[in-house]
Amino acid sequence: MKLTASGIKKDFPRAGKTSNFFTAVQPLDIELSSGRLTVVSGRSGSGKSTLLNMLAGLLTPSAGSVCLDGTDIYALSDGALSRLRNASLGLIPQGNTALNSLSVLENTLLPSVLYSKCAPPYETAASLLGQLGLGSVKDEKPSALSGGELRRMSVARALLTRPGVILADEPTAGLDDENTLLVLSLLRRYADDGACVLIVTHEDEAGRFADEQLTMNGGMLSR
Amino acid sequence: MLSVRKLPLRNLRGYASRSAAIILFAALTSAAVFGGLLLTGAVRGGLETVRARLGADIMVTPESAKNEFDAQTALIKAEPGYFYMDSDVLEQIRSIEGVAAASPQLFLASAKAGCCSARLQLIAFDPATDFTVQPWIADTGTTREMGLMDVIIGSSVSWPSADNAVIRFYDSECSVIGQFAPTGSALDSAVYMNFDTCRALIDACRSMGLFKYADFDGDRSVSSVLVRVKEGYDAESVASEIRARIGGVSAVTAAGMLSGIADGLRHVSSAVKALMLAFWLPGLFMAVLFFAFMINERKKEFAALRAMGADRRILSRIAVTEALAANLAGGLIGIIVSGVLLCAFGGLIAGRMNVTFVLPPLGKMLLTALAALLPAVLAAACSSLAALGIISRTDAALLLKEGE
């Protein structure tokens with residue numbers, strides 16, 4: 001599986017200023033391939049998350065294209081893009097994205113039930129939660145979890161369907177050293193198993209697990 | 001098993017206080033609409049039933065009975081009473097132009113004492129000339145001809161023993177041969193019989209020293225005369241003619257007798273309309289507002305679902321199902337509660353408001369319930385639109401970055 005972005009940039013409107021917009025991501029190319037873990041590091045506000053969201057099909061680029069195995073994802077209809085995202089992309093967002101009315105286990109299972117009528121993979125979900133140290137809280141509601149636990153739950157949820165592409169936005173933010181290692185090791189393992197993994201982070205630790213390290217500064221990507 | 005289909009209900013349970021508020025407002029709205037429609041329908045039904053059961057265009061009573069008989073309230077909350085006039089009046093009425101038929105009735109009130117089953121209005125009709133009571137006897141299901149000491153009771157009259165169907169007045173036993181359908185009026189607490197039975201009961205009453213008219217002549221006394229007017233004649237004009245030509249009588253038209261109930265119906269209708277407006281618009285507004293609050297509060301959850309690959313159709317289906325489920329649940333609760341309250345206390349409420357009350361048949365009640373669900377459906381539609389607006393404006397990428 002290959003995710004390629006060609007000449008993508010992102011402008012955001014800026015009200016009340018002399019310029020009508022500012023460019024969060026300058027035109028750039030990036031290619032994520034199977035079996036490789038890429039880390040994009042940079043300071044807060046450097047455009048990392050904007051880049052990740054464009055790659056995830058959640059934020060339409062102002063220019064350029066994003067292709068998954070040759071398919072321009074922004075040329076797809078909302079339904080087709082959503083199904084593609086569900087089937088092939090595992091996104092670990094930045095904030096707390098738990099559904100408060102579901103248990104931790106059910107939250108983890110959500111991607112598997114959106115389109116499938118088959119029984120959700122309870123054992124896989126429980127195993128993933130166990131690997132991330134959440135086995136004992138799988139039946140709790142998200143409100144009972146700490147920020148670090150919620151983050152690890154997001155990781156488990158993104159990995160549940162073994163997507164071909166994993167996009168992680170600050171997956172280790174707020175985690176202690178032990179859990180940081182746990183999460184990064186797991187992502188590395190998924191890359192080794194054939195997934196394309198992209199981690200955007202402002203922490204240095206992830207670099208140790210990367211096949212390729214990129215830096216983002218002022219919306220510009222450099223090696 | 002977790003599924004997208006179950007998500008809306010899980011969400012409603014997860015946000016219990018907000019969901020309860022939506023259900024409460026939907027319930028209040030539907031309760032007001034269903035209660036209002038049912039009450040108005042029952043009062044109107046009562047009026048129509050009484051109008052049909054009255055069967056006469058004019059009722060003539062002795063003028064001296066004014067203290068005991070108020071034509072405008074007699075059908076609603078009449079205190080059992082009796083009064084008499086000479087039966088000569090019957091022929092005089094028949095001779096008046098425009099009178100098609102005239103039939104006498106004889107009244108007696110039973111006593112609130114051990115000699116009687118209950119204090120009730122006893123009404124005797126003349127089977128040979130009657131046109132107001134007999135048409136309804138067929139509906140009671142009785143095939144037995146009414147003989148001496150046979151009675152047919154109004155719907156709200158109960159008798160001590162259903163097995164032997166006997167009711168007792170002035171220590172005399174009468175056989176209950178039928179029971180009329182409810183009219184929601186004072187007619188429901190009356191007991192009907194022929195003249196011979198009534199005269200026998202008057203004799204029994206007199207022998208017990210409880211009869212107040214010493215000069216009563218059983219063969220020459222009647223209490224009222226019911227008149228049917230010929231086609232093409234105005235009942236009010238004929239009633240005026242009766243009052244003018246026959247001294248000592250009062251003649252009141254059916255419209256006059258029903259005017260009290262009709263006024264009551266108008267008041268009830270106005271009050272119900274005001275009540276429905278008072279509950280419906282604010283209830284609708286609040287239900288939509290609370291739902292919009294709830295969706296707005298969960299924007300990030302919708303963004304998370306989007307990130308997992310849920311398309312807009314799935315998000316819309318979740319929001320619309322939640323809106324429908326909450327509002328329909330509230331609507332059903334409101335309808336059931338107001339229905340039960342009205343069935344239990346409708347008669348009491350109507351009595352206080354001086355109107356008749358007959359609940360419509362079950363089929364009509366179900367149709368009314370369906371109509372009363374419309375505000376809940378409207379609230380669900382408005383809530384869904386509000387939710388879809390919020391969801392369509394939701395920038396998943398931006399929301400997923402918030403609260404980092």
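Q: How many bridges join strand β1 of chain B to β11(B)?
A: In this predicted model, strand β1 of chain B covers residues 58–62. Strands of a sheet pair through backbone hydrogen bonds, either parallel or antiparallel. Strands β1 and β11 of chain B run antiparallel, and the number of bridges joining them is five.

Q: Which residue in β11(B) is the bridge partner of B:Met59?
A: Strand β11 of chain B spans residues 249–253. Within β11(B), the bridge partner of B:Met59 is B:Val252.

Q: Which strands of chain B stand at the edges of the open sheet of nine strands?
A: The order of the strands in chain B is β6-β7-β5-β8-β4-β3-β10-β1-β11, with mixed pairing. Each edge strand has a single partner strand, so one side of it is left without a neighbour in the sheet. The strands at the edges are β6 (166–169) and β11 (249–253) of chain B.

Q: At about what angle to β11(B) does helix α8 of chain B run?
A: Helix α7 (residues 235–245) of chain B lies across β1, β3, β10 and β11 of chain B, running at about 180° to β11(B). Helix α8 (residues 254–297) of chain B lies across β1 and β11 of chain B. The angle between helix α8 and β11(B) is about 65°.

Q: What radius of gyration does chain A have?
A: Chain A has six helices and 10 strands. Because chain A has 223 residues, a compact globule would have a radius of gyration near 17 Å. The value for chain A agrees with this: 17 Å.

Q: What percentage of the residues of chain A count as buried?
A: A residue counts as buried under 20% relative accessible area. Of the 223 residues of chain A, the buried share is 55%.

Definitions and conventions. Residues are numbered from 1 along each chain as its sequence is written. Chains are lettered from A and ligands numbered from 1 in the order in which they are written. This is a predicted model: local features need pLDDT of at least 70, side-chain atom pairs count only at pLDDT 80 or more; totals for chains, interfaces and linings use all residues. Side-chain values use heavy atoms; hydrogens and water are left out. Two strands pair if DSSP finds at least two bridges between them. Helices (H or I, at least four residues) and strands (E, at least two) are DSSP runs, numbered from the N terminus. Contact means heavy atoms within 4.5 Å. Axes are lines fitted to C-alpha atoms, for helices over the stretch in contact, and angles run from 0 to 180 degrees between N-to-C directions. The radius of gyration is taken over C-alpha atoms; the globule rule is 2.2 Å times the number of residues to the power 0.38. Buried means under 20% relative accessible area, exposed over 50%, partly exposed in between (1.4 Å probe, protein chains only).
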